[in-house]
Amino acid sequence: MKRSVGQILGRTGIRIPLILWTIAVLYPILWMFLGAFKSNAEIYRNPWGFPESFSWQNFIDAWNNYNIDTSVFNSLFVTVLGAVITLVLAIPTAYAIERLNFRGSRFLFTLYVSAMMIPMVLGWIPLFFLLMKLNLLDNIIGLSIVYAVSQLPFTIFVLTSFMSTIPKSLEESAAMDGLSPYGVLWKIITPLSMSGIITVTIMNAIQFWNEYFMALIFLQTQENYTLALAIDFISSEAQYTNAWGTLFASLVIAITPVIILYAIFQQRIAKGMTEGAIKG
């Protein structure tokens with residue numbers, strides 16, 4: 001079937017901006033990866049070209065001289081702990097809002113959804129003093145709790161959409177077999193909502209891994225720095241030491257797990273969000 005000139009022009013008009021946008025996004029990332037394998041002299045001499053020889057020295061310097069290893073562990077810790085705390089709080093809350101018809105359940109759901117519209121920056125100062133009173137300031141556990149609370153409204157919003165489509169007959173049958181309400185939640189509802197749980201967990205994990213501003217406010221010592229803060233420190237040092245290759249290597253270390261995670265779960269994320277939107 002031949003396409004008309006108008007159809008061809010229409011498709012071309014759509015694809016050209018997408019191609020240009022793709023190049024604009026990918027080229028700086030490619031430039032960063034190439035710079036991670038260059039010496040400082042080579043970066044200044046040939047900033048846009050391929051490295052003459054691929055050297056891992058920048059990664060070694062970043063790992064050993066700038067405590068990137070500690071920062072990677074801290075970021076991994078707050079990401080995993082924050083994601084787990086979010087699920088522990090969000091799953092029972094979403095189930096209670098969706099399935100238990102108590103007074104104020106709709107208002108509570110509206111309150112959580114409304115919280116998504118409030119900028120997190122408005123809570124930074126109260127959170128700072130609250131963490132100080134709880135002796136959780138400059139503490140990666142305290143930062144993990146803040147991360148979990150910040151993503152709780154979004155997680156509840158998504159999970160209620162998935163739980164709303166689970167037939168109540170399954171819960172009634174499980175209750176007749178002797179399962180307690182908590183047993184129904186963890187053995188029936190949670191496995192059937194696993195698609196939504198995986199989706200929000202991946203999105204929350206990426207958010208926690210990349211977060212910068214709250215870590216900057218609530219962490220004060222270099223031993224507790226997350227990866228974002230460590231890279232910011234290296235960036236400041238690079239202005240005086242010209243350690244641009246080390247900075248590029250640090251950025252590659254930070255961005256690679258996110259790229260791998262999203263590449264592996266890309267279809268699941270898209271499917272989960274689409275199902276959640278349709279079901280909601």
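Visitor: Okay, so why does serine 75 count as buried?

Guide: Because its relative accessibility is 1%. This is a predicted model, where local features need pLDDT of at least 70, side-chain atom pairs count only at pLDDT 80 or more, and totals for chains, interfaces and linings use all residues. Residues are numbered from 1 along each chain as its sequence is written, and side-chain values use heavy atoms, leaving out hydrogens and water.

Visitor: Which residues is serine 75 in contact with, leaving aside neighbours within four places in sequence?

Guide: Trp209, Thr226 and Leu227, where contact means heavy atoms within 4.5 Å. The serine 75 side chain also reaches the backbone nitrogen of leucine 227 at 2.7 Å.

Visitor: And where does serine 75 lie?

Guide: In helix H4; helices are DSSP runs of H or I, at least four residues, numbered from the N terminus.

Visitor: Switching topic: how many salt bridges are there?

Guide: The count is 1, taking a side-chain nitrogen of Lys or Arg within 4 Å of a carboxyl oxygen of Asp or Glu. Arginine 99 and glutamate 171 form it, at 2.3 Å from N to O. That pair joins distant parts of the chain, 72 residues apart: arginine 99 is in H4 (residues 68-99) and glutamate 171 in H8 (residues 168-176).

Visitor: Are those two buried or exposed?

Guide: Both arginine 99 and glutamate 171 are buried.

Key: Helix = DSSP H or I, 4+ residues; strand = E, 2+ residues; numbered from the N terminus. Buried < 20%, exposed > 50% of the residue type's maximum accessible area, 1.4 Å probe, protein only. Polar contact = N/O pair within 3.5 Å; in protein donor to acceptor, adjacent residues only side chain to side chain.
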